[in-house]
Amino acid sequence: MGTDGLARCAWGSSTPDYAIYHDTEWGRPLRGDDALYERMTLEAFQSGLSWLTILRKRPAFRLAFDEFHIPTVARYDDADVTRLLADAGIVRNRAKIDAAIANARAALELPEGLSTLLWSFAPEPRPTRPASFAELAPITPESTAMAKALKKRGFRFVGPTTAYALMQATGMVDDHIVGCHVTLPPAA
């Protein structure tokens with residue numbers, strides 16, 4: 001129960017930033033190539049860090065990565081990599097920066113688009129919400145298949161755990177727990 005009297009998933013009440021993110025974004029169906037590219041990129045940057053760190057740096061990431069416009073990021077060159085490595089507002093990890101650029105280039109090559117590809121791995125909705133996060137696995141057959149398909153298409157830094165976090169964040173799965181006040185629209 002949050003200080004505002006709303007029942008949330010436990011992590012969603014731990015900080016005001018998390019409460020806003022939990023209540024307005026997490027688990028809500030998200031479509032669109034650039035929007036999903038942003039979330040995929042941020043999930044990759046989160047690897048090994050707290051999501052709160054990434055969430056608080058998201059405005060700087062959006063500025064640094066041209067609002068995650070795939071064609072723009074796909075054209076980044078060595079000067080852009082140097083610029084990003086010098087940007088204290090983001091996570092300055094060379095491997096993750098290189099992956100973000102490579103992933104934009106790979107996304108441009110998808111005939112069906114990134115959104116269609118990612119959503120093709122969304123499982124059937126479960127009949128009821130989980131009673132607790134202990135019921136959830138960090139890797140599922142669907143997230144493993146998504147990661148494998150992305151890797152085959154040239155994407156980097158998107159393993160099964162990152163793929164599942166992406167699925168949770170973008171509403172491909174509803175992992176809000178029983179009793180959570182958030183009501184989600186159908187994923188369709």
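A crossing of two helices is called right-handed if the near helix is turned clockwise from the far one by less than a right angle, and left-handed if anticlockwise. In this predicted model, the crossing of α8 and α9 is of the right-handed kind. Helix α8 spans residues 141-152 and helix α9 residues 160-169, and the two pack with their axes 8 Å apart at an angle of about 110 degrees. Since angles of 65 to 115 degrees count as roughly perpendicular, α8 is therefore roughly perpendicular to α9. On the α8 side, the contact is made by Glu-142, Ser-143, Thr-144, Met-146 and Ala-147, while α9 contributes Pro-160, Ala-163, Tyr-164, Leu-166 and Met-167. By class, the residues of this contact divide into 7 nonpolar, 2 polar and 1 charged.

Met-146 of this contact turns up again in the largest nonpolar core, where Met-146 is among the residues with the most contacts, together with Phe-61, Phe-65, Leu-114, Leu-118 and Leu-150. That core has 54 residues. In soluble globular proteins, nonpolar side chains tend to be buried together.

Thr-41 counts as buried because its relative accessibility is 3%, with the cut-off for buried set at under 20%. Beyond neighbours within four places in sequence, Thr-41 is in contact with Phe-68 and Ala-100.

Key. Residues are numbered from 1 along each chain as its sequence is written. This is a predicted model: local features need pLDDT of at least 70, side-chain atom pairs count only at pLDDT 80 or more; totals for chains, interfaces and linings use all residues. Side-chain values use heavy atoms; hydrogens and water are left out. A nonpolar core is a set of buried Ala, Val, Leu, Ile, Met, Phe, Trp, Tyr and Cys residues joined through side-chain atoms within 4.5 Å. Buried means under 20% relative accessible area, exposed over 50%, partly exposed in between (1.4 Å probe, protein chains only). Axes are lines fitted to C-alpha atoms, for helices over the stretch in contact, and angles run from 0 to 180 degrees between N-to-C directions. Helices (H or I, at least four residues) and strands (E, at least two) are DSSP runs, numbered from the N terminus. Angles under 35 degrees count as roughly parallel, over 145 as roughly antiparallel, 65 to 115 as roughly perpendicular and the rest as oblique. Contact means heavy atoms within 4.5 Å. Ala, Val, Leu, Ile, Met, Phe, Trp, Tyr, Cys and Pro count as nonpolar, Asp, Glu, Lys and Arg as charged, and the others, Gly among them, as polar.
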